[in-house]
Amino acid sequence: MDLDATFLARIQFAFTVSFHIIFPSFSIGLAAFIATLLVRWRMTGAEHLHRLARFWTKVFAVSFAMGVVSGIVLSYEFGTNWSGFSRTVGNITGPLLGYEVLTAFFLEASFLGIMLFGWNRVSPNLHVTSAVLVAVGTSISAFWILAANSWMHTPTGHAMENGVAVPVSWLEIIFNPSFPYRFSHMFTAAFLTTSIVVAAVGARYLITDRFVEEAKTMLRMGIGMVALLAPLQLVIGDAHGLNTAEHQPAKVAAMEAHWDGSKPADLILFAWPSDSEETNHFEIAIPNVASLIITHQWDGLFKGLKDFAPQDRPPVKPVFFAFRIMVGLGMLMIAGGLIGAFLWWRGSLFQTRWYLTALSYSWPAGFIAILAGWWVTETGRQPWLVHGILRTADAASPVSAGAVLTTLVLFIAVYSVVFSMGIYYINRLIEKGPVGASVKSSQGLPSRPLSAAEEAAHEAIEEGR
């Protein structure tokens with residue numbers, strides 16, 4: 001493909017949004033995890049829960065900051081590279097993103113400072129409440145973003161006037177046909193990602209015999225969530241796939257590398273799809289199983305790629321392989337969660353070293369699965385930017401390829417430095433662990449709020465113990 005301005009703009013947006021999406025996904029689950037720890041601490045008075053909440057809040061702060069910074073870049077890209085998108089559907093996507101600011105951002109901005117810096121400076125109840133409201137805010141943010149994104153896949157509730165989409169029913173726009181499936185699928189993925197990271201960190205500490213009490217809590221909470229949510233995600237994913245088959249059949253055909261819609265589809269475990277030859281090479285498949293999954297009938301038929309004109313098909317290879325990466329990791333999550341739950345039930349979870357070792361290296365699984373899922377969703381939508389309304393080529397701004405290439409190179413350079421430093425700092429925080437004072441009453445601290453210097457001194461004392 002020629003490196004024209006539109007293609008480079010697509011690469012630039014794919015690069016920046018791929019960096020961005022992993023941080024909000026992690027923040028959504030982590031905010032809920034921190035709020036749960038603090039609520040449990042208020043109910044039980046267990047000091048290690050307070051230490052854990054404080055520790056993960058530091059990680060949350062870095063992740064949240066990187067998510068905000070990378071998200072701002074996307075807003076500018078809409079104006080610089082995709083002016084046709086703003087002109088054609090801005091009457092709908094603009095208000096949806098504005099609702100996110102009015103609800104989620106205002107809520108987070110009001111209570112995030114208390115959550116991050118209110119330790120021993122405000123009452124425990126206020127601090128716990130602030131953590132809960134921040135968690136609610138991150139969930140509301142996901143609601144509006146996914147409402148806007150889902151509408152781009154299954155647009156409803158609008159009318160076209162002189163080539164411009166105008167809202168007719170906001171309820172139909174927000175709760176469009178794919179929104180319930182897309183929201184539940186992404187929300188579950190966010191909680192799964194966080195749960196795996198938490199469990200992996202707990203396993204890392206337990207293997208090295210550090211922060212044992214905190215590690216056991218992280219393992220129980222993390223594995224419990226994975227064992228519950230991973231099988232649930234399989235059910236949600238199946239429902240989401242059926243919805244996609246109804247509204248975006250070309251995407252499903254690309255996911256399955258299914259060319260001939262006149263025959264039942266095999267479940268292809270591996271192949272090398274060829275767009276030019278309209279066939280699969282080196283195919284390893286299970287007969288009829290894809291038809292069973294998509295249509296719930298052994299001989300069921302659904303549209304193949306040949307049923308669509310070549311210019312109306314998504315690129316097959318990235319969709320096909322990304323889908324298999326996502327599903328494969330999902331199956332590993334189900335297996336890992338159920339094995340962990342079994343070991344927990346047997347009372348040998350904390351002593352099974354092979355499982356803890358494997359778990360300690362599993363932390364990237366959720367992030368990779370989310371990226372693969374977004375590649376399936378967004379690449380599978382091509383050639384449409386807003387399905388049935390606006391093609392990607394028609395949404396691009398009249399800018400030169402050189403200008404887009406220059407900004408792309410700069411983004412790669414800046415992101416490589418900034419995000420490497422952020423990941424390095426998060427890893428340093430994890431290596432340091434949940435050290436420091438927890439609850440002032442249990443540490444012999446004065447009843448007045450502590451100053452920043454006093455808190456730092458107490459943390460230094462705890463680290464030296």
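Q: In which strand does Leu 269 lie?
A: This is a predicted model, in which local features need pLDDT of at least 70 and side-chain atom pairs count only at pLDDT 80 or more, while totals for chains, interfaces and linings use all residues. Residues are numbered from 1 along each chain as its sequence is written, and side-chain values use heavy atoms, with hydrogens and water left out. With strands taken as DSSP runs (E, at least two residues) and helices likewise (H or I, at least four), each numbered from the N terminus, Leu 269 lies in β3.

Q: Is Leu 269 buried or exposed, or does it fall in between?
A: Buried means under 20% relative accessible area and exposed over 50%, with partly exposed in between (1.4 Å probe, protein chains only). Because its relative accessibility is 49%, Leu 269 counts as partly exposed.

Q: Which element supplies the largest share of the lining of the largest pocket?
A: On a 1 Å grid over the protein atoms alone, a pocket is an open set of points with protein on both sides within 12 Å along at least five of seven lines, a cavity is a set where a 1.4 Å probe fits but cannot get out, and lining residues have an atom within 4 Å of a point. The largest pocket holds about 1500 Å³ of space, and of its 49 lining residues the closest to the centre are Phe 13, Val 17, His 20, Leu 74 and Trp 374. The largest share, 14 residues, comes from α1.

Q: How much space lies in the second largest pocket?
A: Of the 40 residues lining the second largest pocket, the closest to its centre are His 185, Gly 237, Phe 323, Met 326 and Val 327. The space in this pocket is about 1000 Å³.

Q: How much space lies in the largest cavity?
A: A search of the whole structure finds one cavity of 30 Å³ or more. Phe 55, Lys 58, Leu 429, Lys 432, Gly 433 and Val 435 line the largest cavity, with α2 and α14 (401–432) each supplying at least two lining residues. The space in the largest cavity is about 40 Å³.

Technical notes
Points joined across faces, edges and corners; volume = space filled by probe spheres on them.
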